[in-house]
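The sequence and structure come first.

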Amino acid sequence: MKICLISFDFWHYDEHIVAKLKEKGIDAHHINIGAFTHKNLGARLQNTFSKVFFGKNLKSENRQNFIISSLEKIGKQDQILVINPEAIEDRVHQIIRKKTDRNIAYLYDSMQRNPAEHILHYFDDVFSFDDEDVKKFGFRKINNYNYLPHEPSENQNPELDLFYITSYDKTRIARLIKLSEKLQTLNLRFKAIIAGKKSWKKKVSRFFDKKLIKNLIFRTKNIPQQQLPDYYKNTKAILDLQRDAQSGLSFRVFEAMALEKKYITDNQNISTYDFYNPENILILNKDFSNVEKSFFEKPYQKLPQEIYYKYTLDHWVNTVFKL
């Protein structure tokens, strides 16, 4: 069987899907659009000139052509999975459709944030992690996946009570400030990394009390996904503040699951999942008054094996590709 994955894999999560397929003996390919870069400085300058004077992004156009040329090289596929297909032009979707017997889409962002109605007719199946979109558009529900190897909590010695990593986002930063104040009153050990090009320390740090700023790390470059487990192993609990207009589960909850970490979130929908256990998962209320030190002091409650497997990458791959 031949299967191809097409995605903008900036965070390197999607490459785990390809690795799992190959592990199962499948001839798998990954067209990583996000890895496409300018050939040289001249091409970069040409693209800048084109955007400024003609309003045309040559890099974006070359990325679309990169998909086509890559498909020509690998030939027809039994299945193609396109992740977040709204970033791909209609002309390219027409070619993708001809190159496979089964064309699949997976949306791990909400339709409100990234509308994709205009290209959904190209797909045989559309999967989504967002409950509201599943209800509204009739998509097939599937969550993100647990891609990490299982690491029992008793094999770890965390120094922190809570850890959080986020990109710069005004709404989430505002919530982080209030939560930080609450954590300080409880004398909990907390660290947060605010990463990305918009996370300039001068811009963000002025909102924090001087006593709180020592708990924050500002960096303009994102942390490679491969390094995240090292940060998570050093904490008892992982914080995950939700994006606006999103109800699906992020990768954070599954990373917490693999490493047997407690999980704190403002996503109210998480209580509907079969892995939800109030001993492991704290759903924040609006004023964070339900954050108590006892939550961090009690041991992690291990999940039943059948529930844990349901959210693994192995199960995800079997479900999406009907293996």
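Arginine 175 has a relative accessibility of 21% and counts as partly exposed, where buried means under 20% relative accessible area, exposed over 50% and partly exposed in between (1.4 Å probe, protein chains only). Its salt-bridge partner is aspartate 266, with 2.3 Å from N to O; a salt bridge is a side-chain nitrogen of Lys or Arg within 4 Å of a carboxyl oxygen of Asp or Glu. The two residues are 91 apart in the chain, arginine 175 in helix α6 (residues 170-185) and aspartate 266 in the loop between β11 (262-265) and β12 (281-283). Aspartate 266, at 14% relative accessibility, is buried.

The model is predicted: local features need pLDDT of at least 70 and side-chain atom pairs count only at pLDDT 80 or more, while totals for chains, interfaces and linings use all residues. Residues are numbered from 1 along each chain as its sequence is written, and side-chain values use heavy atoms, with hydrogens and water left out.

The protein has 13 helices and 12 strands; helices (H or I, at least four residues) and strands (E, at least two) are DSSP runs numbered from the N terminus. Of its 323 residues, 50% are buried. Among contacts (heavy atoms within 4.5 Å) between residues at least 6 apart in sequence, 67% join residues at least 24 apart.

The whole structure holds 17 salt bridges. Three of them are listed here.

| Salt bridge | N to O distance |
|---|---|
| Aspartate 266 and arginine 175 | 2.3 Å |
| Glutamate 89 and arginine 91 | 2.7 Å |
| Glutamate 72 and lysine 99 | 3.2 Å |

Glutamate 72 sits in helix α3 (residues 58-74) and lysine 99 in the loop between α4 (90-98) and β4 (100-107), 27 residues apart. Glutamate 72 is partly exposed at 49% relative accessible area, whereas lysine 99 is buried at 17%. In the pair of glutamate 89 and arginine 91, glutamate 89 is partly exposed at 31% and arginine 91 is partly exposed at 35%. Arg102, Asp125 and Arg140 belong to one network of salt bridges that share partners.

Which charged residue is buried yet has no salt bridge? This is aspartate 14, whose nearest side chain of opposite charge, arginine 252, is 11 Å away; Lys and Arg count as positive and Asp and Glu as negative, with His and the chain ends not counted. Aspartate 14 lies in the loop between β1 (2-7) and α1 (15-23). Beyond its neighbours within four places in sequence, its contacts include Ser7, His30, Tyr108 and Tyr145.

Spaces were searched on a 1 Å grid over the protein atoms alone: a cavity is a set of points where a 1.4 Å probe fits but cannot get out, a pocket is an open set with protein on both sides within 12 Å along at least five of seven lines, and lining residues have an atom within 4 Å of a point. Grid points are joined across faces, edges and corners, and a volume is the space filled by probe spheres set on the points.

There is 1 cavity of 30 Å³ or more, and the largest cavity holds about 90 Å³. Its lining includes Val253, Lys261, Phe275 and Asn280, and helix α10 (residues 251-258) gives the most, 3 residues. The lining has 8 nonpolar, 1 polar and 1 charged residues, where Ala, Val, Leu, Ile, Met, Phe, Trp, Tyr, Cys and Pro count as nonpolar, Asp, Glu, Lys and Arg as charged, and the others, Gly among them, as polar.

The second largest pocket holds about 200 Å³. Among its lining residues are Arg140, Lys141, His315 and Trp316. The largest share of that lining, 3 residues, comes from α13.
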